[in-house]
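Colleague: I am new to this structure and would like to know what lies behind the terms used for it. Please take me through them one at a time.

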Amino acid sequence: MKTTTYAAGILEAYEYLLTNHQDFFIIGQGLWSPWYVGATMTDLDKKFGKDRVIDCPVSELATTGATVGASICGYRPMIVHPRVDFMLLAVDQIVTQAAKWRHMFGGNSTAPATFRAIINRGGEQGAQHSQSLHSWFAHIPGLKVVMPYTAKDARNLMISSVLSNDPVVFLDDRWLYEKEEEYTEIEIIDLNDVLPQKLREGDNITVVGVSYTSLLCEKACEYLENTQGIKSDFFDLRVLNPLKLEEIIKSVNKTGRLLVVDGDWSSCGIASEIIASIMEKVNLDSLKSSPKRITLPDAPAPTSKALEQLYYIKEEQIVETIIELVK
Amino acid sequence: MKQEVNELIDPLKFRDRIDIKGIEKSMLVDMLRKMVLIRKAEEKLSEHVESGKIKCPCHLGIGQEAIGVAVSLVMRKSDRAFGAHRSHSHFLALNENTYSLFAEVLGKYDGCSHGMGGSMHIVDNDNGFKGSVPIVGATIPIATGAALAAKMDKAGDISISYFGDGACEEGVLHESLNMASIMNLPVLYVCENNLFASHLHIDLRQPSNSTSRFARAHHINYSTVDGNDVVGMYKLLKSEIESMRSSNTPYYLEAYTYRWKGHVGHRDDIDVGVKRGAQLDAWKKRDPIKRLADSLIHEGILTESECQNLNNEIQNKINSDWEKAELASFPQNEFLITQVYS
């Protein structure tokens with residue numbers, strides 16, 4: 001069986017885009033350096049040239065704005081922020097410029113830039129090298145937000161993001177880079193058609209994960225099915241904005257139980273939004289327990305290893321919560 | 001910190017006729033027509049901000065017409081200009097489409113942004129005006145990226161970034177100039193230095209009233225010019241832009257000028273306590289339109305009555321465009337949602 005990894009999936013997406021789309025280019029800090037972006041961009045500059053894979057000054061705002069400007073002028077560029085924390089220096093360009101561009105000009109102009117940021121946390125990196133913040137971006141109309149979990153999606157959805165006619169925040173997770181799976185061929189999918197994907201089938205509970213938490217959920221669901229016969233309808237969200245929850249609502253109507261697991265903070269987070277949106281539309285009589293969410297504690301990421309253990313979501317937490325909800 | 005001595009900000013100077021030698025008659029008349037059109041269009045807007053028919057914030061640039069006109073005359077349609085909150089002149093200099101602007105300011109579907117933008121979000125792709133936004137400094141990096149795209153296109157196009165002296169206090173100017181310099185990007189940075197940001201004079205905001213120091217710091221060629229001399233700016237840009245097109249280099253133009261109205265709306269801001277009465281009166285005598293018109297009459301290129309006819313024709317067009325815009329329709333309700341995503 002030919003296998004691939006999440007990081008290799010991203011690299012393959014780049015190779016595909018650089019080969020097939022002359023209007024695609026990448027700019028970002030550290031793109032000519034082997035360690036900034038893991039194995040996701042190895043040797044692209046050597047293969048496709050430093051004019052299309054551009055390392056740049058330490059200027060998140062200007063380089064992100066330049067990406068927006070090039071996208072307005074007919075290109076399909078991507079800015080890479082090797083840590084999402086640094087992308088916050090560029091928020092005006094993403095939230096106030098690109099996301100509004102089409103609407104405020106009445107559809108006469110668009111800014112289809114892709115803003116890739118890498119989530120990279122743990123390892124005692126502390127509060128300012130550990131954020132995810134996807135819920136922030138998902139709050140913004142006009143901005144699409146994509147978070148792949150599988151290697152196949154990391155590749156296919158990156159291609160979809162770049163080819164989308166709208167601005168997209170694409171967040172990939174360094175904790176998934178080594179994740180291995182069976183290799184499939186590239187599929188070109190319109191981002192508008194991408195729905196949450198159901199990765200496990202079951203009647204006892206509906207579980208929703210996002211990016212890295214989908215890995216934890218999948219493992220927890222597998223464990224519970226094998227050890228206790230608890231079967232979960234498990235969904236990986238994939239696109240956080242615009243949210244398309246119809247299939248998950250159907251699932252909750254069937255199972256009567258809902259758990260959302262998200263590696264971001266609780267307050268005003270995507271988990272809150274998913275639960276609220278589903279509760280507005282689900283048949284309340286079908287509910288067998290209150291919906292529940294597992295998120296990070298509402299605190300910045302700690303540095304000490306001991307506190308990190310406490311801070312980040314673990315598979316066992318998900319297992320315990322599912323048991324609690326199902327019993 | 002001592003101010004840099006700069007006679008360009010002295011309204012008692014540069015009041016006389018301007019040097020029009022070496023420029024074709026048709027070009028000179030075109031310059032005058034465009035400036036008069038912009039002036040009268042903004043006067044019409046001012047009138048209807050006051051009457052209450054215009055609700056959106058209107059930042060008028062009366063007194064600053066020469067800069068956008070000079071730039072527009074060296075642009076070609078495939079160039080790409082980006083503006084800011086005070087961009088009516090940049091837009092009209094390229095297309096003279098007062099109906100489109102009036103309809104937009106009134107929130108009508110016939111407006112350049114189908115009524116979704118108002119005065120601050122105007123666009124005209126076909127004529128090279130790629131958009132204006134009121135977040136100060138925000139289009140500086142966007143224009144820089146447009147220049148990167150132009151460089152990749154290899155067709156010799158350039159981008160233009162219009163901003164004011166206030167935008168030079170935003171960090172993104174430094175980032176963008178650095179990037180354009182190091183990456184050799186053909187972007188023309190046009191600082192319309194009108195000495196005010198909202199209600200605060202540049203002397204209270206910056207240690208020098210010359211923003212060209214930022215270009216100097218980033219090894220970008222620059223000029224500091226009289227922004228009320230349309231011909232002088234045109235001559236300078238014509239030669240500089242040729243070199244930008246062929247060598248992909250950025251250029252920084254600092255044009256000193258003065259806005260006759262206040263920061264926003266029809267008043268002049270003296271009413272809100274900005275002490276600029278004497279200065280304003282002096283600057284009105286440094287009128288970019290009158291100086292060109294006087295020169296044309298003096299050199300026998302136009303007679304006074306031809307000048308008056310031109311004024312009347314433009315006024316009639318503006319009156320009729322305004323009336324038509326008032327009658328135009330608003331966007332359909334579904335536009336609210338259908339324009340969020342492609």
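**Terms and the values behind them**

Modeller: Across the interface of chain B and chain A, the rule finds zero salt bridges. Keep in mind that this is a predicted model.

Colleague: What makes a residue of chain B count as being in contact with chain A?

Modeller: The test is heavy atoms within 4.5 Å. By that test, 39 residues of chain B are in contact with 41 residues of chain A.

Colleague: How do you know the area buried between chain B and chain A?

Modeller: The size of an interface is often given as the accessible area lost when the parts come together. For chain B and chain A that area is about 3100 Å², with 65% of it from carbon and sulfur atoms. Polar contacts are present too: 18 residue pairs, both residues at pLDDT 80 or more, are counted between the two chains.

Colleague: Which elements of chain B give two or more residues to the side that touches chain A?

Modeller: They are β1 (80-83), β2 (129-132), α5 (139-153), α6 (171-183) and α12 (335-338) of chain B. The largest share, eight residues, is that of α5(B). Sorted by class, this side of chain B has 22 nonpolar, 13 polar and four charged residues.

Colleague: What makes E201(A) and K254(A) a salt bridge?

Modeller: The rule asks for a side-chain nitrogen of Lys or Arg within 4 Å of a carboxyl oxygen of Asp or Glu. In E201(A) and K254(A) the closest N and O atoms are 3.3 Å apart, so the pair meets the cut-off of 4 Å. E201(A) sits in the loop between β9 (197-200) and β10 (205-209) of chain A, while K254(A) belongs to helix α9 (residues 246-255), 53 residues apart. Over all chains, the search finds 35 salt bridges.

Colleague: Why are β3 and β12 of chain A said to stand at the edges of their sheet?

Modeller: The sheet is open and has seven strands, in the order β3-β2-β4-β5-β7-β6-β12 of chain A, with mixed pairing. β3 (53-55) and β12 (239-241) each have a single partner strand, so one side of each is left without a neighbour in the sheet. From one strand to the next, the twist averages 20°.

Colleague: How do you know that β2 and β4 of chain A pair?

Modeller: Pairing requires at least two bridges, and three join β2 (residues 26-28) to β4 (residues 78-81) of chain A, so the two strands pair. They run parallel. In one of these bridges, I27(A) has I79(A) as its partner in β4(A). Helix α3 (residues 60-72) of chain A lies across β2, β4 and β5 (114-119), at about 155° to β4(A).

How values were computed:
Residues are numbered from 1 along each chain as its sequence is written. Chains are lettered from A and ligands numbered from 1 in the order in which they are written. This is a predicted model: local features need pLDDT of at least 70, side-chain atom pairs count only at pLDDT 80 or more; totals for chains, interfaces and linings use all residues. Side-chain values use heavy atoms; hydrogens and water are left out. Buried area is the accessible area (1.4 Å probe) that two parts lose on being put together, summed over both. A polar contact is a pair of N or O atoms within 3.5 Å; within protein, one must be able to donate a hydrogen and the other to accept it, and residues adjacent in sequence count only if both atoms are side-chain atoms. Helices (H or I, at least four residues) and strands (E, at least two) are DSSP runs, numbered from the N terminus. Ala, Val, Leu, Ile, Met, Phe, Trp, Tyr, Cys and Pro count as nonpolar, Asp, Glu, Lys and Arg as charged, and the others, Gly among them, as polar. Axes are lines fitted to C-alpha atoms, for helices over the stretch in contact, and angles run from 0 to 180 degrees between N-to-C directions.
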